[in-house]
Each structure stands twice: as structure tokens, then as C-alpha cells.
Amino acid sequence: MSRIGKKPVPVPSGVTVTIDGNTVAVKGPRGELRRAIHGDLAVALENGTVTVARPSDEPRHKALHGLSRTLVANMIEGVTKGYSKQLEITGVGYKAEVKPYGLLMSLGYSHQIEVKAPEGIKLSAPQPTQVVIEGSDKEIVGQVAAEIRSLRKPEPYKGKGVRYVGEVVRRKAGKAGGK
């Protein structure tokens, strides 16, 4: 039995979970999320908890069991607390500024880059060298953070670029420069 899959997911007050076939919809104070769960698995709402059951012990079902339970738990946490990722920008002249559509970033290219926020995502820059991505869907928050980071990945010689807060970039020694 999957240790993660067999744990029931508690539904906090103020959150409503509706299960329609293999579609799970979660509505809470921070929005509404909807996701289709694999058809082989059974999702049930009982006594204020959501449980996921698998039909057999096939490796495929075992893998889907834990995954599906975690996806439902992430949806519930997303509509109650929400998720956020923080990025830091390092480099001379590298900065981000908030615009009505999202962010306008200067990352050392000959042009500025416009980053548009997808629906349900809030982009902010408390300082010109910091970017905060907030939203209720963990998957989309992580994807937007990865896309912004990919605009200028941190390089190993000077460390310039966009990185996650707390990310360690291994630095390389430059040229020995001698005779």
C-alpha cells in the first residue's frame, strides 16, 4: 500500500470539494481549481476528508495512487494558503519592474523582455532585483518561475542571471592568465 496514497486529505472549513466522476473541483477563499484524476482510481469524499483508492497492486496503479492523492492535497492547500516562488536577479543593470500586464525585465539583452502573467498568477517585484510569483495552482506557479529563470540562467563565472532565492550556483575559476 502506498504510504502517501492511503493517507486521507483533510478538507478545512471554508473549502468545498465536489467530485464528478473522475473530475475533482476544489473551491476556497483563494479561488477555484479543477483537475481530472486518472479513470482507474476512485476518489471519495467522506466525513470531511478526501480519500483515493486504487483497484489493484499493479506498479502503474501504485504510482498513480500517491500522485493523485498529492495532486488533490496540493489543490486544497492552494485554495487555502496559496503558493509562491521568489526569484532574485543578479547583475549590473539587471532589473524587473511591474507593469499592468506583468513584468518588464532588463536582463542585459539589447531589448527589454515582457513577461505576461497567466490567469490566476500574480507577479510582483518588491525590489528591482526580486520577483515574487504567487498563485493557487502549484504547477502553474512553478512553471512561470521556471520560464522567468530561463530568460537568463545564472552563469558560472560571475553568477549573473535570474535564480531562485536560496539557489546555489557553482562558480568556476576564470582564465589563469599568465605566461
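Residues are numbered from 1 along each chain as its sequence is written, and because the model is predicted, local features need pLDDT of at least 70 and side-chain atom pairs count only at pLDDT 80 or more, whereas totals for chains, interfaces and linings use all residues. Side-chain values use heavy atoms, with hydrogens and water left out.

An open sheet of three strands, in the order 1-6-5, is built with antiparallel pairing; here strands (E, at least two residues) and helices (H or I, at least four) are DSSP runs numbered from the N terminus, and two strands pair if DSSP finds at least two bridges between them. The edges of this sheet are formed by strand 1 and strand 5 (42-46), each of which pairs on one side only. Between strand 1 and strand 6 (residues 49-53), the antiparallel pairing runs over two bridges, and Pro10 has Thr49 in strand 6 as its bridge partner.

Helix 1 lies across strand 1 and strand 6, and runs at about 160° to strand 6, where axes are lines fitted to C-alpha atoms, for helices over the stretch in contact, and angles run from 0 to 180 degrees between N-to-C directions. The 22 residues of helix 1 (residues 59-80) should span 32 Å at 1.5 Å a residue, and this agrees with the 33 Å that separates the end C-alpha atoms; the expected span is 1.5 Å times one less than the number of residues. Just after helix 1, Gly82 takes a positive phi of about 90°.

Pro8 is found in the segment before strand 1 (9-10). Pro8 counts as partly exposed because its relative accessible area is 43%, given that buried means under 20%, exposed over 50% and partly exposed in between (1.4 Å probe, protein chains only). Apart from neighbours within four places in sequence, Pro8 is in contact (heavy atoms within 4.5 Å) with Thr49, Val50, Thr51 and Arg69. The C-alpha atoms of Pro8 and Lys81, which are 73 residues apart along the chain, are separated by 19 Å.

Ser106, by contrast, belongs to strand 9 (residues 102-106) and is buried, since its relative accessible area is 12%. Its side chain makes a polar contact with the side chain of Gln112 at 3.0 Å; such a contact is a pair of N or O atoms within 3.5 Å, and within protein one must be able to donate a hydrogen and the other to accept it, while residues adjacent in sequence count only if both atoms are side-chain atoms. With neighbours within four places in sequence set aside, the contacts of Ser106 are Gly93, Tyr94, Lys95 and Gln112.

A search of the whole structure finds nine salt bridges, each being a side-chain nitrogen of Lys or Arg within 4 Å of a carboxyl oxygen of Asp or Glu. One of them joins Glu32 and Arg34 (3.6 Å, N to O); Glu32 is partly exposed at 45% relative accessibility, whereas Arg34 is exposed at 58%. Another links Glu97 with Lys99, whose closest N and O atoms are 3.5 Å apart, and both Glu97 and Lys99 are partly exposed at 30%. Glu114 forms a salt bridge with Lys116, with the closest N and O atoms 3.2 Å apart. Salt bridges that share partners also join Asp40, Glu58 and Arg60 into one network.
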